[in-house]
Amino acid sequence: MFFNSPAVERLVEAFRRLPGVGKRSAERLALHVLGSPEDEALGLSEAIREARTRIRLCSECCNLTEEDPCGVCSDGRRDRSVVCVVERPSGAMAIEKGGSYRGLYHVLHGVLNPLEGIGPSELRLERLMKRLDAGSIHEVIVATNATAEGEATALYLAKLIGARGLSVTRIAHGVPMGGGLEFADDATLSHALQGRTRL
Amino acid sequence: MRLLSLHCRAFRSLSETEFAPGPRLNIIHGGNAQGKTTVLEAILYAATSKSHRTNLDTELPQYGAGAFHVRIQAQRGGHGVSIEAHWLNGTKRFKVNGIPQTRLSDVLGRVNVVFFSPEDIELVKGGAASRRRFLDMEISQIHPGYLHALQQYRLALRQRNELLRADRPDPDLLAVWDVQLAEHGAAIIRLRGDYVAELSRRATEAYARIAQAEPLTLVYQPDVLPAEDLGAVLAKMQASDIKRRATQRGPHRDDLDILIAERPARSHASQGQQKTAALAVKLAELELVNARAGEYPVLMLDEVLAELDAHRAEHLLDAIPLEVQCILTTTEQQRRPGRFESDCAYFRIEGGRLEEEE
Ligand SMILES: Nc1ncnc2c1ncn2[C@@H]1O[C@H](COP(=O)(O)OP(=O)(O)OP(=O)(O)O)[C@@H](O)[C@H]1O
Ligand SMILES: [Mg+2]
Ligand SMILES: [Zn+2]
């Protein structure tokens, strides 16, 4: 950057580590923070500190939460016979926003990825198996992403869970609602065709 | 498809060059290092945004220049198309009919070319990997789904091989990658099979026209056949894969046999035969594009006549369909006497300067 300050460089570096932030945006964010009033800038760091220290993993579903167990796990109106397995908290959040799912979640915090050294023991699988062994869950919906690693993880889960005699389902992948077919890529379309349903 | 003009500025040794080829056969002759290949490279670059010689665009501007410019104008089914490539200090910009293009992939396919360069003989002479690369490039251009399958297959293969490198890989974990290898691998095997079937008939015809002797045959050699057996084969191989620490079967082991008089051209054919075979494959590609697009691409032949005897050279030129516009380079001053004389345009290049000859 144009001024020679290790502190500023550290800040830029910190922003760069955020998802979706490149060098240019990191510099812009740093400049913005430095140019804003002091209490506002420090408020940001305080907000990060507070959120980070208060939030932990739910001991049931491993989602991020302030209270343990989390709001979903402690909600008596949820359907406790179904659990939806997602890669990350953002997945649970997306499904929750959809508003139609009434079951529980389980967050893996990753997917199988040998090239990055991520095997079953790096995922929150043990906890999931304990929950399944407790006996009230009858169906597991696997909602990992439609990537090679997400599919591999789904298949692995199907094997583990199927061996326990529970029903395992995979969410369908297909064309976005309200979106024209011409906007879907080839892979999505062929997947959607394979997963077609009878009318 | 007809190329009307090429203009380039500061592209390698071409400081300021205009080239207006005729509708049929165009012969560019000149000594070594005078810029013949560079003229073809400039056309290829404008048409595909890539050079055949390098992946580093920084090698392309003339020594000491910070920019280069290439423009081609072509005619396609009665419509004009122009492509401009402008490279400035490391960024390249393309315009199609004057409109800036945000994605380079959108430039592709506006002006279709088929290019034969002396290195293409690797297809015949080289290892199986160079033939798989050829198949992969050709089929991805025709079949968008192929590229996806290929990428997914390669990724799953790398993941599986990574697991196999560990000391005691968990068979259940290996199996989940097998499912994806089987799915995408089967798609690859089927599409390669379809493509080679289309290509081989045309290559055999083209070879017969040039060589007028021994037959050429292309035979796809999938490592696993039928395609739907791949999953079972992977499962059967698991123990052995664990021992060898690698995935031993699958389309990453495929080959394309190129046979001349029923013997592998790679080990048994002469130089001239190998070159003829590589050329026949290119001419087959030309026919395939025509069958699909309803129009022949522009054919560019760099230094093809070297190593071919007078008969083959003559037959090669005869083998090119009359509707094809062809640009051919040669170090020797050649004239094509006889009935095709009027279809030929002759050019001479010296020190990057190109001139039409009478
Ligand atoms: N970036 C560059 N700037 C200027 N000259 C270059 C650049 N890159 C390569 N050259 C030179 O351009 C000259 C022409 O090369 P080109 O390959 O077109 O020759 P050619 O006529 O095809 O020769 P040959 O018959 O040997 O194949 C070579 O002498 C080469 O050194
Ligand atoms: Mg050359
Ligand atoms: Zn919870």
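**Pairs, edges and contacts**

Author: In this predicted model, A:Val86 stands opposite A:Val107 in S4(A).

Reader: What makes S4 and S6 of chain A edge strands?

Author: The open sheet has four strands in the order S4-S3-S5-S6 (chain A), paired in parallel. Strand S4 (104-107) and strand S6 (167-170) each have a single partner strand, so each has one side without a neighbour in the sheet. On average, neighbouring strands of this sheet are turned by 25° against each other, direction ignored.

Reader: Which helices of chain A lie across S3 and S5?

Author: Helix H5 (residues 125-133) lies across S3, S4 and strand S5 (139-142) of chain A. Helix H6 (residues 148-162) lies across S3, S5 and S6 of chain A. H5(A) runs at about 150° to S4(A), and H6(A) at about 165° to S6(A). The angle scale runs from 0 to 180 degrees between N-to-C directions.

Reader: Why do S10 and S11 of chain B count as paired strands?

Author: At least two bridges are needed. Strand S10 (residues 255-260) of chain B and S11(B) have two bridges, in the antiparallel sense, so they pass. B:Ile260 has B:Arg263 in S11(B) as its bridge partner.

Reader: Where in the chain B sheet do S9 and S11 stand?

Author: This open sheet of three strands has the order S9-S10-S11 (chain B), with antiparallel pairing. Strand S9 (216-221) and strand S11 (263-264) stand at the edges: each has a single partner strand, so one side of each is left without a neighbour in the sheet. Helix H5 (residues 171-211) of chain B lies across S9 and S10, at about 175° to S9(B).

Reader: What makes the approach of B:Arg12 to ligand 1 a polar contact?

Author: The cut-off for a pair of N or O atoms is 3.5 Å. A polar side-chain atom of B:Arg12 lies 3.3 Å from a nitrogen atom of ligand 1, so the pair is within the limit. Backbone N or O atoms also come within it: that of B:Gln34 lies 3.1 Å from an oxygen atom of the ligand, and that of B:Gly35 lies 2.9 Å from an oxygen atom. Taken alone, ligand 1 exposes 650 Å², of which the protein buries 76%.

Reader: How many residues are around ligand 1, and which come nearest?

Author: There are 18, and B:Ala33, B:Lys36, B:Thr37, B:Thr38 and B:Arg53 come nearest. By class, the shell has four nonpolar, nine polar and five charged residues.

Reader: What is the peptide bond from A:Asp68 to A:Pro69 called, and what is the one from B:Leu225 to B:Pro226 called?

Author: The bond from A:Asp68 to A:Pro69 is cis, with omega near -5°. The bond from B:Leu225 to B:Pro226 is cis too, with omega near -5°. Most peptide bonds are trans. A:Pro69 lies in the loop between strand S2 (64-65) and S3 of chain A, while B:Pro226 is in the loop between S9 and helix H6 (230-244) of chain B.

Reader: Is phi of B:Gln212 positive or negative?

Author: Phi is near 50° there, a positive value in a residue other than glycine. Most residues other than glycine have a negative phi. B:Gln212 is found in the loop between H5 and S9 of chain B.

Technical notes: Residues are numbered from 1 along each chain as its sequence is written. Chains are lettered from A and ligands numbered from 1 in the order in which they are written. This is a predicted model: local features need pLDDT of at least 70, side-chain atom pairs count only at pLDDT 80 or more; totals for chains, interfaces and linings use all residues. Side-chain values use heavy atoms; hydrogens and water are left out. Contact means heavy atoms within 4.5 Å. A residue is near a molecule or strand if one of its heavy atoms lies within 4 Å of it. A polar contact is a pair of N or O atoms within 3.5 Å; within protein, one must be able to donate a hydrogen and the other to accept it, and residues adjacent in sequence count only if both atoms are side-chain atoms. Accessible areas come from the Shrake-Rupley method with a 1.4 Å probe; for residues, only the protein chains shown count as cover. Ala, Val, Leu, Ile, Met, Phe, Trp, Tyr, Cys and Pro count as nonpolar, Asp, Glu, Lys and Arg as charged, and the others, Gly among them, as polar.
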